[in-house]
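This briefing concerns the structure shown below. Please read the points with the sequence and the model side by side.

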Amino acid sequence: MSEITDFDSLRRAMAENGEQPEGPARNARAERLLLEAERLKIPLAVIEALGHQLKVYNYSSEKAKMFVPFARLLRMWDERPEDFDAYETHSLHWVFKWVSAGMLDQPHVPLASVEKWLGEMEHRYRLAGHSERAVRSAEFSVAAHVGDVARAERAFAAWLAADRDTMADCHACELHGQGWWQAERGRDTEALELWAPVLEGEYTCAHEPHGVLASSLLPLLRLGRADEARAHHLRGFRLVRPMESMRGAYAAHVEFCALTGNEARGLELLAERPAYFTDEGHPRSKLTFLSVVALLTGRLGELGLGGERVPGAAGREWTADELAAHARAEALALAARFDERNGTGHVSERARARMAQRPLVDRLPLGVRASRPTSTAPAPAAAASAEVADEVADADLPALIHEARRLSDALRPHAVEAWARVARVAAADQDVELAVRDRAEIADHEAIGLGPGGAEAFERAAGLYAEAGDPGEALAARARAAYVRALDGEVDEALAAVAEPYDRILALYAEGGTEVPQAAGVLMARARILMRRVHEAEGPVSGSTGTQAESAVRELLALVDGRAGDDVRLAARVAEGHAMLAELATRSGEPQTGAELFARAAAEFVEAGVPWFAVEYEAQLAALAHELGDMAEAERALRAALEHGGPFLEAIGRAQLHLQLAEVVGGRGEAEEAVEHALESAHWADEAGAGPTFGAWARHQLGGYLVRQGRWAEAAEVLESALTDLSAETHGDGAVVQTQWWLGDCLSELGEHRDAAERWLQAAEIARHWPEQHDHATLAHLAAESLGHAGLHAEADRAYTRAGELWRELGNVRGLIRSLRARAWLALRTEQDTDVARALMTSAVEECADAFGAAGDDETARLRLIAELGDTHRQFGDLLARSAAEDADDDAIRATLDEALSQMSEAVAVFVALGESGLPARTGAELAAGWLECDLGRPAQAAARARAVLRSCADAGFEDDEGDGRVGAETMRARRAEAEQLLQAAEEPGDR
C-alpha cells in the first residue's frame, strides 16, 4: 500500500484495504490507517478512518471490536456534527444497526443495555427524520433472539409496514431476514417465495445471495426439493468460502452435509476453517458453528465411526466422539451464557434442537468427490460371538434350510448368504447333525461365494453329493470346479479337468441315471471354459476357437431348449447360451446378429424372473447399438439395465451404466437429464472406491453438462473437484485440458477473471505440445481476454502476442486480426500510447488485405474477411476517437477526429459489400460516423448519415416498433431510434 501523505492518499489506502480479503490482516491495516489519519489533523479524515475501521470489523470474525470506534464516532458527532459531511452523517446512522446487532451477539452485554441502545437508535432516527423501519427490524431481532414470539410478530409486522428509506437495509438483506423468520415459524414455502428475488439475482449485495443460499438449504430439503438444495449448496458454498465473517452461513453448509449423507464433505469443510473453532469475536456465530460440529460428529458416531480422526481446533488430534463431546459442551455453555443474559431458555433449546436433528435424506449425491466414511475397525470378538449366539437362539434350522433351498433353486441373489447362515447356525449347535445333502449344498454355495478361489470347495461339494447318492450333481460340481480354474487363467487345465465329467454325464444321462439340470450344469461349465478362450483372444477369434465354443453352446441349447418348463435354472441356461452366441457373433464381425441375440438373452432372463442376470447383456447390447448408430436402442437397453439391476447391481456397474446413459441423452441435447445420470455415476463411483479414477471421469462429464446449462457456479465446484484426481496418465491429457477449459469458462462467467486466465493458461501449456495447435491458440486468446478483464494488462498483452503468433502459424487470419485489435486497445488504455495502438490497428487492416489474395474463389472465406475488415475499420475509428486527448489543442483534436471519421467511412463502405446480412454492422458504423460529424461541427453531413440509416431501416421493413421475429430485429429498431436522435441533434446543434 502507498505511503500516507495527505487526505487523498489516505482515502486511496482505505479503498485499497477495503478490497483485501476479510480477516485480521485487513483489520490490523485499518487500525494503522486510523493512526495515520490522526496525524493529518483533519477531523473528517479521522471520521472516515473510524468508519472504515467499523466496516472491516463488522465484516470479520472480530465484530466485538466495533463498539470502541463507534462510541468515539458518536461522541464526535454529539460534540461537532459540522465535522461530518453528508456521507459520513448517513454512515453514522447506518452503523447504529450494526452496533445494535453486535450487542445482541455478545452475551456479556446486558439485555437492558441492548434495549436501551434500541431506544437510543429510535430517538436518533426520529431526530434525523428517518423511517422507523430499521428500528422495528432491530426490535424484531431482539425479540426473536430471546424467544418472545408475540413481540417478534408485532415488530415483524411493524417492520414491513414502515416506509423504506435510506436507513433500511438493502432489499436482499431485508428479504433474507424476513424469509428466515418464515422458515423459523415452519413456513418454508413462504420463506422461499420471499427469497426468490435474491436467489434469482434481482437483489444482491456484498453478502447476498450468499446468506440466502445457505438459509434455503434445509427448507428446500424439508419440501422435498433436493435438486435445488444441491444446487444451492454448490453455488452458495463457493460464495461463502472466502468470506471470513460468514461463519454462520458456512455452518449451514456443514449442517446440510450432515443431514444428507455427505458426512465426509462436512469434514472437508471443517478442515478448511480451523480458526472457526476458536474465533471469539462473534460468540453467536460460534455457537451456531459448534452446534453444527456436534451434529456432524455425532452423526459419525451413529455410523460407527466415532473413533475416526476428524479435523478440529488446532493444537491436538480429535476423534469424532471426542470432538462431538467437546463441541456439544462448548455450544451448550455458550448458549447458557446467552440465556442467562436474556432470562429465557430459548437459545439453549434451539442449540439442542439443532444438535438433535435427524438426516433429511439418506444420501444426496453432490457431484463433488467425498466418499461416505466407513469404519475400518474389526468387530470385537466378543460382539461377534454375541451376534452368532443371538442368531442361533432365534433360528429355526429346518426353516432356514427350506428358505436357502428356495432361494438357490430360484437363483435369488441372497442364496449364498442364506446357506452361510445355515452353516453358522448348525456349527453353533452341537446337537444338530445336518444331512449329507444339506452339507453338500452348503459347500457348493460356499464355493460360489469364493469365486475364482472356490475350486477346492466345489470338489468337497462333489464328494458330498456323491455320498448323498446324486452322481449327476457331483459331476456338475466337479465341472464347476474346473470352470473356476479357468477364471484363474488356467484354461487348458480347466478343459482337461472338465473332460471326464463331460463324458460321464452324457453317458449317465443316456442311461437315465441323471436329469436335464445336472447334465446342463456340466455342459454349461464346459461352454463357459471354452468361452474363456474366446475372451482371452485379441481381436477376431480364430476359426477353431470360435467353432469349438459355438459347438459347446449349441450342444447345451439342444439339451435344454424346450425342456425348461418352470425350472428357473434351466431357463437361465437357455438365456446364457444365447448370450454366448451373441458374443461369438460380435467377435466374428456380425454386430447386428450379436445385438439381436443379446436382446433375446436379456428378454429370456427377464421372462424367467431373474432380471438382474440380464444387466450384463443389456449393457453389451447398448454398446453394440451405439456402434451401429441405433441410439434409441442403446438408450432403451441402458435404462432396462438400470431397472433390472435394481438393488443387486454393484456400485461400479451402476456408475458405468449411469454415465453411458448420460452420454446418450446428453448427445441428443437433454443436458438436464444428463446431469442427473452423471451425478449418480459420480456418486456410485465414489461408493465403489473408484473416486480417483472412474469418479473423476464422471465428474469431468458432469461439469461439462452443467456448463452446457449455464450453471456456472455448480459446474466450477464439480470441475475443481474433478481436477483433484484427473491425470493425463489415467484419463488422457485431452480430458485434463477440456476440464481446465470448462472451468475457465465458468470462472469467467462468475467474474473471477484472474483465476479463469490461470486455468486457460494451464490448459494451454498442455495443448502446446499437441501436433494440432488450434486449441493452444484459442486458450491463449481466452487467457488474454481474462487477464485484461482482471487488470493484468502487461500479462494480457503477452498472451495476445502469443495467441497472435499461433494464429499466424495456423493461417487463421481472423484470430490474428482479433489479437492485434485487442493489443491495440490495451496499448491505448494502459500506456496511453496512441502510436503503438495505431500501428497495431494498421497491422490488423493490412493482414485483412493480404488475406483477400489468399482466399481465392472461396466465397465464404471472402465474406468472413470482409466482415473482419469492416469491424477493424470500425474499431480503428473508435480507438482514434477515444485517443483524442482532452488537453490537446483544437487543431490536433480535429485532426484525430477526422482520421477517425475516415476509418468509420471505410467501415461503412466495406459493410455495403455484405448486403442485407451486413445491415446491422453498416448502420452501426454509419451512426458512429454521424456522431463524429456532429463533433466536428458538420450537422448537414451528420443529418445525411442519419437519414441514410432511416432509409435502410425502412427498406428492410423496420419502420415501426411492432414485434419482428427476424434475426437482428431488435438491433435494427435500436438503430432507427438512434438515427432519430442523431437527426434531432444535427438539426438542433445548439442543444448538443
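Predicted model: local features only at pLDDT ≥ 70, side-chain atom pairs only at ≥ 80, totals over all residues.

Lys41 sits in the loop that links helix 2 (24-40) to helix 3 (43-58). Although Lys41 is a residue other than glycine, its phi is positive, near 60°.

**A cis peptide bond**
- The loop between helix 10 (188-199) and helix 11 (210-215) holds Pro209.
- Glu208 and Pro209 are joined by a cis peptide bond, with omega about 20°.

**Helix 5: length and cap**
- The N-terminal end of helix 5 is capped by Asp85, which has a side-chain oxygen 3.2 Å from the backbone nitrogen of Tyr87.

**How packed helices are described**
- The angle between the axes and the distance between the axes describe two packed helices.
- An α-helix has 3.6 residues a turn, so residues three or four places apart point the same way.

**Helix 29 with helix 30**
- The axes of helix 29 (residues 591-607) and helix 30 (residues 615-627) come within 9 Å of each other and cross at roughly 150°.
- Angles over 145 degrees count as roughly antiparallel, and helix 29 and helix 30 are therefore roughly antiparallel to each other.
- Helix 29 and helix 30 pass in a left-handed crossing.
- Helix 29 contributes Pro591, Gly594, Ala595, Phe598, Ala599, Ala602 and Phe605 to the contact, while helix 30 contributes Tyr617, Glu618, Gln620, Leu621, Leu624 and Glu627.
- Nine nonpolar, two polar and two charged residues make up this contact of helix 29 with helix 30.

**Helix 32 with helix 33**
- Helix 32 (residues 651-667) and helix 33 (residues 671-687) have axes that come within 7 Å and cross at roughly 160°.
- Helix 32 and helix 33 are therefore roughly antiparallel to each other, and their crossing is left-handed.
- Among the residues that meet are Ala651, Arg654, His658 and Leu661 in helix 32, and Glu673, His677, Ser681 and Trp684 in helix 33.
- The contact of helix 32 with helix 33 divides into ten nonpolar, four polar and four charged residues.

**Helix 13 with helix 35**
- The axes of helix 13 (residues 226-240) and helix 35 (residues 712-723) come within 8 Å and cross at roughly 80°.
- Helix 13 and helix 35 are therefore roughly perpendicular to each other.
- On helix 13 the contact involves Ala231, Leu234, Arg235, Phe237 and Arg238; on helix 35 it involves Ala713, Glu714, Ala716, Glu717, Val718 and Glu720.
- By class, six nonpolar, no polar and five charged residues form the contact of helix 13 with helix 35.

Key. Residues numbered from 1 in each chain as written. Heavy atoms only, no water. Axes fitted to C-alpha atoms, helices over the stretch in contact; angles between N-to-C directions. Helix = DSSP H or I, 4+ residues; strand = E, 2+ residues; numbered from the N terminus. Parallel < 35°, antiparallel > 145°, perpendicular 65-115°, else oblique. Left-handed = near helix turned anticlockwise from the far one by under 90°. Contact = heavy atoms within 4.5 Å. Nonpolar A, V, L, I, M, F, W, Y, C, P; charged D, E, K, R; others polar. Polar contact = N/O pair within 3.5 Å; in protein donor to acceptor, adjacent residues only side chain to side chain.
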